[in-house]
Amino acid sequence: MNDTLNVLILVDFGEDLLSQIRALSPKLNLIRKSVSSPAEIPPEVWASADILYTTVIVPEAEVAPRLRWVQAHYAGVDKLLSQPLFKARPDLMLTSASGIHASTIAEYSFAMMLALARKIPLMLRMQKQAAWTADRFELYLPTELRGATLGILGYGSIGRATARLANAFGMQVLATKRDVKRPSDGESYEEPGIGDPEGTLVDRLYPPEALKSMVSQCDFVVVTLPLTLETKGYFGAEAFAVMKKNAVLINVARGGIVDEEALIAALQNKQIAGAGLDVFEEEPLPAKSPLWAMENVIISPHIAGNTSRYHERAAAMFVENLRRYLNKNPLLNRVETARGY
């Protein structure tokens with residue numbers, strides 16, 4: 001009996017990483033392809049694939065009858081789930097790469113918090129003008145992170161890594177979680193020493209319905225939720241209305257979670273003090289957006305998860321899931337397709 005598992009990899013893993021994956025089992029037959037569309041994959045390759053590692057490229061259901069598991073290269077799977085394959089194949093397992101960039105996104109979030117709290121954008125503007133202002137102590141009066149309250153929307157791997165850093169800064173940590181009775185992280189991938197697997201670093205968990213109650217207490221709010229039908233437009237005008245005037249919003253998740261018009265209004269009306277934004281409703285962010293010209297906003301082009309170690313961490317996570325698959329153990333980061341994450 002042929003027990004070979006054909007693993008189709010549509011990401012440019014180098015030979016060193018492919019060797020690490022092959023070393024897991026002689027059953028694995030790795031097929032790496034560099035393509036820009038499903039049509040570039042020969043039909044016989046799709047037909048023989050048991051496992052697919054991909055960014056957003058997936059086949060039509062009928063051309064890949066042996067496919068049993070899709071491992072995503074990214075944490076967000078909304079673009080994958082919108083494709084016909086997963087509607088036609090409700091039995092198909094999908095796992096995300098959640099957890100592999102938790103540390104770098106947490107660091108990004110703190111870079112934004114520190115930059116806005118310490119008035120770094122203002123400092124850079126004054127530096128260009130060679131200006132040493134007489135009212136510098138008032139002008140540059142910071143918000144200290146120590147003793148401040150951080151609210152995290154979505155207590156998954158990124159939220160937990162953020163909470164660990166917040167704990168080191170001496171911040172109070174509040175977070176929303178779908179099931180507040182289960183603070184642990186469950187079957188999720190997490191590098192050792194990065195996050196908060198048991199949920200002990202958060203001072204209080206709130207259900208999603210209590211968003212306004214939570215953010216009203218926060219000096220900083222970091223959005224780390226997945227984009228689903230439930231979270232689209234989740235953070236809107238009502239939430240901004242109850243925030244502190246000195247509060248800062250950081251969005252490292254998806255632009256569609258925050259109502260962008262409400263955000264712009266909140267910034268223009270000084271309902272909040274500033275924002276660090278890596279994601280937007282429309283990407284690239286249109287040049288006409290008022291956000292570009294706001295002095296209390298820092299904009300980055302959806303790169304918060306960027307790291308030179310991305311492939312290395314992704315391959316390590318894939319190896320762990322392959323090991324579990326071979327041993328018939330539950331996979332990490334299993335996506336519930338109906339829920340969207």
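Contact here means heavy atoms within 4.5 Å. This is a predicted model, where local features need pLDDT of at least 70, side-chain atom pairs count only at pLDDT 80 or more, and totals for chains, interfaces and linings use all residues. Residues are numbered from 1 along each chain as its sequence is written, and side-chain values use heavy atoms, with hydrogens and water left out.

Start with L249. Setting aside neighbours within four places in sequence, L249 is in contact with V221, V223, F235, F240, V258, L263, I272, G274, A275 and G276.

L249 also belongs to the largest nonpolar core, which has 34 residues. Such a core is a set of buried Ala, Val, Leu, Ile, Met, Phe, Trp, Tyr and Cys residues joined through side-chain atoms within 4.5 Å. Buried means under 20% relative accessible area (1.4 Å probe, protein chains only). L153, V215, F235, F240, L249 and L263 have the most contacts inside this core. Helices (H or I, at least four residues) and strands (E, at least two) are DSSP runs, numbered from the N terminus.

The largest share, 5 residues, comes from α11. A second, separate core has 32 residues, including A148 and A163.

Now the helix pair. Helix α1 (residues 15-22) packs with helix α12 (residues 310-326) at about 15°, their axes 10 Å apart. Axes are lines fitted to C-alpha atoms over the stretch in contact, and angles run from 0 to 180 degrees between N-to-C directions. α1 is therefore roughly parallel to α12, a term for angles under 35 degrees. From α1, L17, Q20 and I21 make the contact.

Definitions and conventions. Buried < 20%, exposed > 50% of the residue type's maximum accessible area, 1.4 Å probe, protein only. Parallel < 35°, antiparallel > 145°, perpendicular 65-115°, else oblique.
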